Structures are given as C-alpha cells and as structure tokens.
Amino acid sequence: MAGTGIPLSPDHSVPGWLDALTLPPAQPGETRHAQVTRTLRTAITRGLLPEGTRLPGHRRLAEHLGVARNTLVDALAQLELEGYVQAQGRSGTRVSVPAHAPPAPPTGALPLSAWAQRALAGQVEDAGGEYLVDFRVGQPVPELYPEAAWTQALARRAAQALRAGPPDDPLGPLETRRALAAHLNAERGAQVTPDMILLTGGTQGALDALARVFLEPGRVAAVEDPTYPGARAALAATGAQVQPVPVDEQGVRPDRLPTQATLLYVTPGCQYPTGAALPATRRQALITWARGSGAFILEDDYAADLYHAARPPAVLQGVAPDRVILLGSFSKSLAPVTRSGFLAAPPDVVRVLAATRPLTDRVPGRLDALALADVLGSGAYSRHLRRARTALTHRRDVLVQALAEHLPGWTPHPAPGGLHLYLPLPTGWTEPRALNGAARQGVALSPVAPLAQGPHAPAVLLGYAHLNPEQLRGGAARLGRAWQDGRP
C-alpha cells in the first residue's frame, strides 16, 4: 500500500488520497473480499483516512481498486460491522474511527496464576542451533519405527473408529486395555488387570493428572536427582514441596528419602539420566518406605522396551501393586506421533483419575488406541522390538568403542536401555567448558545440570539412536579433538 503524507482537502469531499490507495499483494489463501477489507482497514488504522473522511461512491472506488462492485460492498459491510466506517444514506459512507487514536496502554505482566508461574519456572529450554554431529537427547529415530505394521493397523481400524461415535469409556477402549494388561504381565512382570489401566497421551499427561489429584501446597513429593525435568516440573507446579533424593552408581538412595511424602518419582529399571539399574535390596527398601509413609511410587518404565541386554528387570509394580503406579509410553518405541501412553494403578486411584479427567483432558484418540491393540496382540510389536534392540545395541557399542579410541581414560556409562549414554567429565571440568569446546568442533551435547536440583558430578549426555555408525565415529573423533587437553 502507498506511503504516508497523502493530501486531504479540508472538507474531505475531494478524495486526493485516492490515487495512492492500491491493493497490496494477496496473502496466501486470501479472497478478494478479504484483500479489499484489509486494504481499507489498514488505511484507516494507519491514519491515511481520518475520521469523517467520505469515501467515493461504490462504483468509483471499486473501479479504482480493480474489483467488482459487489466485492467492495461486501468489504464495506464488514468494516461497518467492525466499526471502521458508517453508512449515512445519501451522505455516503464515512470513516468513523479517529485517525490517530491514542494507543492502548501497555498491559504489563500477564496476571498469571501461581500454578502457571511454577510451571513456567520448571521448563527446560533447548539451546537450538545446527551442528555437524548432534548428540542431543530426545531426537526421533524414524528408521527404527515399525512403519508398515503401524500404518496397516491404522488402516484396518479407521472405519471402526469413525463409526464408533464419541468415546464412552474414560479409561480408553477396553480392547486396548486388555492387550496392554497381557503385554505388561507377560513382558514386564506386572500385576495388572484392564480396570487398573488408564490410557494417556504420554507420560507427561499421566504425571500432570496424578500431580493434580494428589499434590497441593503443604504436601511433599520426592524425585530422583538428577531426573527427568518434566516430572519435577509437573509435581512442582502444584505448589507441593519437591524434595530431591540423591542418585549414586546404583540408582536412587533409599536412605535419603523423606520421612513423609505423598508421591515418589523413580526410574528403577534404567535411572534417567545415569542409566543405573536399581538392585533388589533398594527396590525392597523403596516399597517398605512407601508402605510405611503411605506414599505412592510413580514408576516410570521409559526404557524397558528398548533394553539392550537380555530381559529388563521386572517392574516394581509387580511386587507392590497397592503402592506403585506404573507409567509407560510408546512414543519412543513406536513413534512420537502416536501419543500412546498408559498408567497402571490401584483401581480406586484409577476411578478418581477417570472421574476428574473430563475437567482437563479427554481420552486419547480411539484410532491410535485400537491400532495399538492390534500391534500388541498380533506380535508385530514384539518382532519390532527385537529388530530395534539389535540396531540400538550396535550403535551404542560403536559409540563406546569410538570414545575409548578418541578419549582414552574417560569412563562413559552405557545404560542398559534407552537411547543415550551418560559421560562423566574429568576432575576440574565443568559442563559449560565441555559443551563449548564440543560446539567449536561442530558437536552438540546435552548437559546434566538442567536435570538436577542439588549438587551433582559434572557430566554430559550423548544421544546415539538417531545417528548411524559413521556419524557416531565422526562425532567421537571431533570430541577427541575438542577435549584433548582434558585427558587425565
């Protein structure tokens, strides 16, 4: 549209500004009616058409803009509804908005609730950026997903899902819950019945629902430290006190648990991020503590389906189904787009979650849930996991061997499951020093600091599942050059 400084006659009767009024290029998908409306609205709000300006007749203005008369009439009708112009019969149409209305006063900070402020404070932002080798955790691994099995299951179930109408079971389809119960009991050593399962959109949604039901200011939640930051943020957002429990080479330390707590979040099968597997004595200590304090243990079984060794250790839930709530998701083992997760809890807990769910959530998509039932029940998921575990184990071993070659003396901790490797830093090193040195060589890593509340030994995380062997070897070589002065 034209610039400023357009001459206007004192009585606004001669449209001296008309020659400068032209249609700007249409925006993507914009109709001609919307284009004309936007042009006139912009001219008014920018002060090019002051209040009281009389617009030319419809025919003349339409010809000037190169549009049909009906298009212009429709645009003026829209602007009149918005209050920018006013039709005055024989007197024509005049602008009814002041040309230079004072801007609205700044609103200042948003009036956020205490919950929102706590939730925002718990967010961990990724630094972003492009790198030659990107070891940052949390990246998808599309070539390992069972694309054929999943798309076939979706196709088979699509018509059924469309005909089913609104979901009537707040827990999710019974068929899916039966398939999940059978899978968890057979593969994970759980004690689960379908009425103990609530389908979710993922682990984060389950954590949020449980936190809202069980926590409030004045209560205590305990979390491993370091830990998955999304868990800590969900619990802290309720206003409850979140107490960190230190982790060592064997996992969470039961001797450091608070005397009283409502919830405890742990990853006993493969501690996140260190990769430690909790031994039997500590598992029993957690259960004894939970029964004594009346707490529920939130067991995040995030790495079980991507375990590299033989069978992963059985879940805590199978030993104490009365005190353990099992959380799981298929976003890493199937694909993030599925948004298929679950929690398995005592029936009375599930009933409360189902009753409160409609206030903040809905049952996950029926189509994905039914497709998941097919993939689990047909054996396709088990076959997929065998292939994926073989590929992941190979990539992990390639990275460990490459690090041993280029960083001799360093001691990586290859986790028994999951998609990343935990690498402690040498004495005297800091995480910023390691990350900055790696970045100068074009390598991105994930720090551990955002995952910890209390003091922790400096370390970095290397996600490897999304990289091929050549990229893994190249990345290790670059780290060797970046950190050569840090060898013990």
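This briefing describes the cavities and salt bridges of the structure above. The model is predicted, so local features need pLDDT of at least 70 and side-chain atom pairs count only at pLDDT 80 or more, while totals for chains, interfaces and linings use all residues. Residues are numbered from 1 along each chain as its sequence is written, and side-chain values use heavy atoms, without hydrogens and water.

**Cavities**

- The whole structure holds 4 cavities of 30 Å³ or more, a cavity being a set of points on a 1 Å grid over the protein atoms alone where a 1.4 Å probe fits but cannot get out.
- The largest cavity has about 70 Å³ of space, a volume being the space filled by probe spheres set on the points, which are joined across faces, edges and corners.
- Residues lining the largest cavity include Tyr145, Lys332, Ser333 and His384; lining residues have an atom within 4 Å of a point.
- This lining comprises 7 nonpolar, 2 polar and 1 charged residues (nonpolar: Ala, Val, Leu, Ile, Met, Phe, Trp, Tyr, Cys and Pro; charged: Asp, Glu, Lys and Arg; polar: the others, Gly among them).

**Salt bridges**

- The structure has 14 salt bridges (a side-chain nitrogen of Lys or Arg within 4 Å of a carboxyl oxygen of Asp or Glu).
- Arg136 and Asp134 form a salt bridge at 2.7 Å, N to O, and both residues are buried (under 20% relative accessible area, with exposed over 50% and partly exposed in between, using a 1.4 Å probe and protein chains only).
- In the salt bridge of Asp169 with Arg177, the closest N and O atoms are 2.8 Å apart; Asp169 is partly exposed at 25%, whereas Arg177 is buried at 4%.

Notes. 1 Å grid on protein atoms, 1.4 Å probe; cavity = no way out; pocket = protein on both sides within 12 Å on 5 of 7 lines; lining within 4 Å.
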